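Me: I would like to learn how to read a structure feature by feature. Could you walk me through one?

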Amino acid sequence: MSELVRLHDITTTLGSEAGEETLDAALRIVMEELQVAQGAVFVRSEGGGLALRASRGLPPGAPSTLSMALRHDVMALGP
């Protein structure tokens with residue numbers, strides 16, 4: 001039952017219009033459910049790389065961007 005409650009929490013959070021706060025809240029929910037100390041949400045930037053949008057527990061100096069060439073076994077979702 002707790003998984004259903006958490007799923008409801010995250011879908012409700014992602015459905016709000018708060019932007020960065022929404023991603024931070026969604027990350028917190030996922031991290032609590034997985035019981036992990038570190039996590040991050042990266043989104044694809046206009047340049048094709050990945051930009052950090054939310055994080056918790058990352059060490060100082062953690063990268064805020066990642067470059068990632070699409071591989072044949074990775075599927076890009078969305079536009």
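Me: Is Arg28 buried or exposed, or does Arg28 count as partly exposed?

Reply: First, a word on the model: this is a predicted model, where local features need pLDDT of at least 70, side-chain atom pairs count only at pLDDT 80 or more, and totals for chains, interfaces and linings use all residues. Residues are numbered from 1 along each chain as its sequence is written, and side-chain values use heavy atoms, with hydrogens and water left out. Buried means under 20% relative accessible area, exposed over 50%, and partly exposed in between (1.4 Å probe, protein chains only). Arg28, at 32% relative accessibility, is partly exposed.

Me: Which residue does Arg28 meet in a salt bridge?

Reply: Side chains of opposite charge can pair when their charged atoms come close. The rule here asks for a side-chain nitrogen of Lys or Arg within 4 Å of a carboxyl oxygen of Asp or Glu. Arg28 meets Glu32, at 3.5 Å from N to O. Both lie in helix α2, four residues apart, about one turn of the helix. Glu32 is partly exposed too, at 40%.

Me: How many salt bridges are there by this rule?

Reply: The count is two. Asp24 pairs with Arg56, their closest N and O atoms being 3.4 Å apart. Asp24 belongs to helix α2 and Arg56 to strand β2, so this pair ties together parts that are 32 residues apart in sequence.

Me: Which helices and strands does the chain have?

Reply: Helices (H or I, at least four residues) and strands (E, at least two) are DSSP runs, numbered from the N terminus. The protein chain has two helices and three strands, in the pattern α-α-β-β-β along the sequence.

Me: What is the order of the strands in the sheet?

Reply: Two strands pair if DSSP finds at least two bridges between them. Here the open sheet runs β1-β2-β3, with antiparallel pairing. β1 and β3 (65-66) stand at the edges with a single partner strand each, so one side of each lacks a neighbour in the sheet. β1 and β2 (residues 50-56) pair over six bridges, and Val43 stands opposite Ala51 in β2.

Me: Which residues make the nonpolar surface patch?

Reply: Patches take residues with over 30% relative accessible area and no salt bridge; like charges are joined within 9 Å, nonpolar side chains (Val, Leu, Ile, Met, Phe, Trp, Tyr) within 5 Å. Areas come from the Shrake-Rupley method with a 1.4 Å probe; for residues, only the protein chains shown count as cover. Val30, Leu34 and Val36 make a patch of about 240 Å². Val36 sits in the loop between α2 (20-34) and β1 (39-44), and is partly exposed at 41%.
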